[in-house]
Structures are given as C-alpha cells and as structure tokens.
Amino acid sequence: MPLRAQRGLDSGAEVRAEAIDERMTDGYLEALGMRDGSPRFDFLVFDATHWTYSFPPEHQVFRPADPADSTAFFLRVPGELEKLHNRYLNAVHFVDAQIERILQGLEETGHMEDTVVIVVG
C-alpha cells in the first residue's frame with residue numbers, strides 16, 4: 001500500500017499542509033520508538049510554512065490572519081499584508097510545535113544524546 005494511503009492522505013479530498021505535517025510528525029515519533037540503535041539519517045520537510053501558510057485553528061495566535069485564498073500577497077495591498085504576514089507567523093507557530101514534539105520524543109526515547117538536529121528555514 002502506498003505511504004500516502006497508509007497515512008490516510010489518498011481519500012481524494014483536499015488535504016491541508018498542516019494535516020500532512022502533523023501526520024508526518026506522528027509517523028516519525030512512532031518509528032522513533034522502534035529504533036534498533038543502528039545509524040540512521042532522518043530528513044523531515046514541513047510544508048505548512050509555504051504558501052498558503054496552513055495551520056489548525058488552535059495555532060492562530062497572531063490576528064487578524066487572512067484566509068488562505070487571499071490575493072493580498074499577489075496584489076501587494078499594503079493594509080492587507082499584515083493579515084497575510086500573521087497567517088505566515090501562525091504557520092510557523094504550528095511547525096514550531098511539531099519540532100517541539102520531535103525533540104520531546106527524542107528525549108523521552110533516550111535518543112537525544114546520539115542525535116544531531118538541524119533546523120533549516
């Protein structure tokens with residue numbers, strides 16, 4: 001079964017970037033508990049901080065934030081850019097929470113001591 005289907009992402013419905021990022025983090029944490037001690041290289045790419053700056057409602061801490069279909073970015077409407085910037089900050093807030101989950105998972109499983117974490121943004 002393809003990975004997208006295993007993760008419930010092939011339903012035909014539109015899947016938002018934050019849902020994919022959250023499921024990716026869940027899968028990583030699940031796999032983390034099954035590590036056998038052999039060397040590995042893990043590479044996680046988060047999508048929520050790319051246009052359309054996707055985040056779940058509980059991560060809307062910067063307000064106001066335009067809906068994802070806003071054309072303010074493309075039209076460069078000065079009064080609307082703050083809303084779009086807030087949307088981006090909310091997406092960053094969400095991804096920060098996913099990174100925190102990963103760091104906690106590494107700590108809880110005892111893998112923090114033998115892991116190098118590099119965050120590129």
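Q: As what does R16 count, by its relative accessibility?

A: Buried means under 20% relative accessible area and exposed means over 50%, with partly exposed in between (1.4 Å probe, protein chains only). R16 has a relative accessibility of 36% and therefore counts as partly exposed. E18, by contrast, has a relative accessible area of 10%, so E18 is buried. Please bear in mind that this is a predicted model, in which local features need pLDDT of at least 70 and side-chain atom pairs count only at pLDDT 80 or more, while totals for chains, interfaces and linings use all residues. Residues are numbered from 1 along each chain as its sequence is written, and side-chain values use heavy atoms, with hydrogens and water left out.

Q: In what do the side chains of R16 and E18 meet?

A: Side chains of opposite charge can pair when their charged atoms come close. A salt bridge is a side-chain nitrogen of Lys or Arg within 4 Å of a carboxyl oxygen of Asp or Glu. R16 and E18 form such a salt bridge, at 3.1 Å from N to O.

Q: How many salt bridges does a search of the whole structure find?

A: The search finds four salt bridges. One of them joins the side chains of D26 and R101, at 2.3 Å from N to O. This pair links distant parts of the chain, for D26 belongs to helix 2 and R101 to helix 4, 75 residues apart. D26 has a relative accessible area of 37% and so is partly exposed; R101, at 25%, counts as partly exposed too. Another salt bridge is that of R40 with D42, whose closest N and O atoms are 2.9 Å apart. Shared partners join R35, R40 and D42 into one network of salt bridges. R40 counts as partly exposed because its relative accessibility is 45%, and D42 counts as partly exposed because its relative accessibility is 29%.

Q: How many helices and strands are there in the chain?

A: Helices (H or I, at least four residues) and strands (E, at least two) are DSSP runs, numbered from the N terminus. Here there are four helices and zero strands. Read from the N terminus on, the elements run α-α-α-α.

Q: Which residues does T25 touch, leaving out those up to four places away in sequence?

A: Contact means heavy atoms within 4.5 Å. T25 has its place in helix 2, which covers residues 17–32, and touches F46, Q98, R101 and I102. With a relative accessible area of 0%, T25 is buried.

Q: Where does V61 lie?

A: V61 lies in the loop between helix 2 and helix 3, the latter being residues 72–75. Its relative accessibility of 44% is why V61 counts as partly exposed. Apart from neighbours within four places in sequence, V61 is in contact with N90 and H93. V61 and R87 stand 26 residues apart in sequence, and their C-alpha atoms are 9.3 Å apart in space.

Q: Which residues does a cis peptide bond join?

A: The cis peptide bond joins R63 and P64, with omega about -10°. P64 has its place in the loop between helix 2 and helix 3. Y53 is found in that loop as well. Phi of Y53 is near 55°, a positive value in a residue other than glycine.

Q: What is the volume of the largest pocket?

A: Rolling a probe the size of a water molecule over the atoms shows where empty space is left. On a 1 Å grid over the protein atoms alone, a pocket is an open set of points where a 1.4 Å probe fits, with protein on both sides within 12 Å along at least five of seven lines; lining residues have an atom within 4 Å of a point. Grid points are joined across faces, edges and corners, and a volume is the space filled by probe spheres set on the points. The largest pocket has a volume of about 970 Å³. Its lining consists of 31 residues, of which L44, V117, I118, V119 and V120 lie nearest its centre. Helix 4 (residues 78–108) gives the most to this lining, with seven residues.
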